[in-house]
Each structure stands twice: as structure tokens, then as C-alpha cells.
Amino acid sequence: IKWSYILKFHVSYLFLTVNLLYILNIIFHFWDFIYMKKDLLKQIAEKGYAVSYAACLNYSTYDIIRSVPAIVTCLSLFVGILGLVWNVFTTKWTSVCVLLLGILSLYAEKFTDNIEGYGERGKTHTDQHNRLKNLYVKVKHAPENDKMEKYTDEYHAIEKEFNESSQ
């Protein structure tokens, strides 16, 4: 047995092992990148849904509080005027319905103190939703060698802003 052959075999085996470990490291790094990217995309999509839902709630509350008292006032006025002409509009049931609508209007009036806050929060949440959509596209088209930390930091900043602006 020549020691040089054994030495060459061990050196080549060691070289092959090092290259194989290097290749496996690259594969695992790529897999980790894909996993982190998918996880971040899922978080962005879920938070985008929550922010969009909050914006819709604020806008609908803003719209309802602005329009319900005026609608109830006009409806009560029309029923009162029609009651002068036709007796159908002066029954107890009609009076009870108009009275309940008036109570509903009084309940809605209690939210008019901060009505502009609902509109502003709706605008803020819409802006946050648009920023989350843009971040989703950036992350989805990020190159493989790009670091996810900058996208994660941007996501956490938007999430913190949303949590602070919500009531």
C-alpha cells in the first residue's frame, strides 16, 4: 500500500466533503430565505386584511353617524305632514315607529362629538393598507440575496402605527 494513494484519497474525500457542506449550506440558506419570505408575506396579507377591515368600519361609522339623524328628521317630518292628510299615518303603529326612529337618532347623536375622528382614522387606515400592499409587492419580488430584515422592520413599523391609531 502506498501512502501517497491513501493520502490523495483522504484529501480528495475531504475536498468533496467540504464542497458538499458548502453546497448544502447554500441550499439551506435559500430554503430559509424562501420560508422567511412566505411567512412575511402571510403576515403582511393578514395585517392588510385587518387594516382594511378597520378602515371600512371607521368609514361606515362616519357615514352612518353623519346621515342617520338627517334621514330620521326628514322621515318624521314626512310622516307628520302625511298624517295631516291621511288617517293611515296617524295610527299607533306609525307613531311608535316614528318614536323609535327618533330614539335611534338620539342614540346616534351621542357619537357626533368625535365624528371627524372616525373619518381621520379611516384615512389613516387606508394609507396603512396601501403601504402594506406596496410592501407585499416589494417582498414578493425581492431578489434571493436580499435581506428580509428591512422588510420586517417596515412591516413592524406599520403594525405599530396601526395599533397606536386604533381604538
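**Close-up views of a predicted helical model**

View A. The place of Asn-58 is in helix H1, in a model that is predicted. Helix H1 spans residues 3–85. With a relative accessible area of 10%, Asn-58 is buried, because buried means under 20%. Once residues up to four places away in sequence are set aside, Asn-58 touches Tyr-118, Arg-121, Gly-122 and His-125. Helix H3 covers residues 115–140, and both Arg-121 and His-125 in H3 also take part in the contact with H4.

**View B. Packing of helices H3 and H4.** Helix H3 (residues 115–140) packs with helix H4 (residues 149–165) at an angle of about 165°. The axes of H3 and H4 lie 11 Å apart. Angles over 145 degrees count as roughly antiparallel, and H3 and H4 are therefore roughly antiparallel to each other. The crossing of these two helices, H3 and H4, is left-handed.

**View C. Residues between H3 and H4.** On the H3 side, the contact is made by Arg-121, Thr-124, His-125, Gln-128, Arg-131, Leu-132, Leu-135, Lys-138 and Val-139. On the H4 side, they meet Tyr-151, Glu-154, Tyr-155, Ile-158, Glu-161, Phe-162 and Ser-165. By residue class, the contact of H3 with H4 divides into seven nonpolar, four polar and five charged residues.

**View D. Ser-105 in helix H2.** Helix H2 runs over residues 92–109 and contains Ser-105. The relative accessible area of Ser-105 is 10%, and the residue is therefore buried, the cut-off being under 20%. Leaving out neighbours within four places in sequence, Ser-105 is in contact with Pro-69 and Val-72.

**View E. Ala-108 in helix H2.** Ala-108 is also found in helix H2. Its relative accessibility is 9%, so Ala-108 counts as buried. Apart from residues up to four places away in sequence, Ala-108 touches Ile-65 and Val-68. Arg-66 is 42 residues from Ala-108 along the chain, and the C-alpha atoms of Arg-66 and Ala-108 are separated by 8.8 Å.

**View F. Confidence along the chain.** The protein chain has a mean pLDDT of 80, and 78% of its residues reach 70 or more. Among the elements of the chain, the lowest mean pLDDT, 75, belongs to helix H1. The highest, 93, belongs to H3.

How values were computed. Residues are numbered from 1 along each chain as its sequence is written. This is a predicted model: local features need pLDDT of at least 70, side-chain atom pairs count only at pLDDT 80 or more; totals for chains, interfaces and linings use all residues. Side-chain values use heavy atoms; hydrogens and water are left out. Axes are lines fitted to C-alpha atoms, for helices over the stretch in contact, and angles run from 0 to 180 degrees between N-to-C directions. Helices (H or I, at least four residues) and strands (E, at least two) are DSSP runs, numbered from the N terminus. Angles under 35 degrees count as roughly parallel, over 145 as roughly antiparallel, 65 to 115 as roughly perpendicular and the rest as oblique. A crossing is left-handed if the near helix is turned anticlockwise from the far one by less than a right angle, and right-handed if clockwise. Contact means heavy atoms within 4.5 Å. Ala, Val, Leu, Ile, Met, Phe, Trp, Tyr, Cys and Pro count as nonpolar, Asp, Glu, Lys and Arg as charged, and the others, Gly among them, as polar. Buried means under 20% relative accessible area, exposed over 50%, partly exposed in between (1.4 Å probe, protein chains only). pLDDT is the predictor's confidence in each residue, from 0 to 100.
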